[in-house]
Amino acid sequence: MNFDLQPVLRGKLIELHPLCADDFEAIHAAASDPLIWEQHPESDRYKREVFQGFFDSAMASGGAFAVIDKPSGRIIGSSRYCNLSEDGSEVEIGWTFLQREFWGGEYNRELKRLMLDHALPHLKRVVFVVGENNVRSRKALEKNRRETCQ
């Protein structure tokens with residue numbers, strides 16, 4: 001299996017770097033807005049003690065990224081590959097969040113495109129994981145799909 005779960009991925013607007021323990025403060029600062037989490041299963045994830053569990057899980061996954069805004073150089077969110085199948089044919093993308101100022105278009109689209117472009121040459125299938133009640137993220141995925149397929 002030749003699939004690297006944590007490469008450095010570079011786009012026009014963002015870079016994805018492997019998440020490391022030293023990123024906690026910057027990632028938590030990016031995640032501290034309650035509105036980011038209002039539709040997530042764990043809606044109090046903006047709280048430091050709750051976010052710590054999310055961060056620890058991201059680190060343990062071995063596939064988590066810090067999303068860095070290239071113009072400012074600051075961390076603006078996170079995403080991850082997770083649950084790579086035993087036969088190496090499938091991986092999940094999820095646990096994604098971005099600061100609200102980066103919602104609604106190019107940043108999320110570039111984030112997903114970078115991760116898909118890295119995964120698809122190696123895997124048969126990529127599955128997006130979105131919380132059942134997270135309507136905003138579901139709509140964003142649908143919008144990205146429509147724009148990509150045009």
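A residue counts as partly exposed when its relative accessible area lies between the 20% below which it would be buried and the 50% above which it would be exposed. In this predicted model, W95 has a relative accessible area of 28%, and therefore W95 is partly exposed. W95 is found in strand β5, and its phi is near 55 degrees, a positive value in a residue other than glycine.

A positive phi is also found at N83, which is not a glycine and has a phi of about 55 degrees. N83 is placed in the loop between β4 and β5, and with 48% relative accessibility N83 counts as partly exposed. A further asparagine, N108, lies in helix α4, which covers residues 106–119. N108 has a relative accessible area of 13%, so this residue is buried. The side chain of N108 makes a polar contact with the side chain of K112, at 2.9 Å.

The accessibility values of these residues are set out below.

| Residue | Relative accessible area | Class |
|---|---|---|
| N83 | 48% | partly exposed |
| W95 | 28% | partly exposed |
| N108 | 13% | buried |

β5 pairs with strand β6, residues 125–128, in the parallel sense over four bridges, and the bridge partner of I93 in β6 is F128. Between these two strands the chain passes through α4, and the β-α-β crossover that leads from β5 to β6 in this way is right-handed.

Which residues does L16 contact, leaving aside its neighbours within four places in sequence? L16 is in contact with P7, V8 and L9, with F65, A66 and V67, and with L111, L114 and M115.

Methods:
Residues are numbered from 1 along each chain as its sequence is written. This is a predicted model: local features need pLDDT of at least 70, side-chain atom pairs count only at pLDDT 80 or more; totals for chains, interfaces and linings use all residues. Side-chain values use heavy atoms; hydrogens and water are left out. Buried means under 20% relative accessible area, exposed over 50%, partly exposed in between (1.4 Å probe, protein chains only). A polar contact is a pair of N or O atoms within 3.5 Å; within protein, one must be able to donate a hydrogen and the other to accept it, and residues adjacent in sequence count only if both atoms are side-chain atoms. Contact means heavy atoms within 4.5 Å. Two strands pair if DSSP finds at least two bridges between them. A crossover is right-handed if, with the strands pointing away from the viewer, the path from the first strand over the helix to the second runs clockwise.
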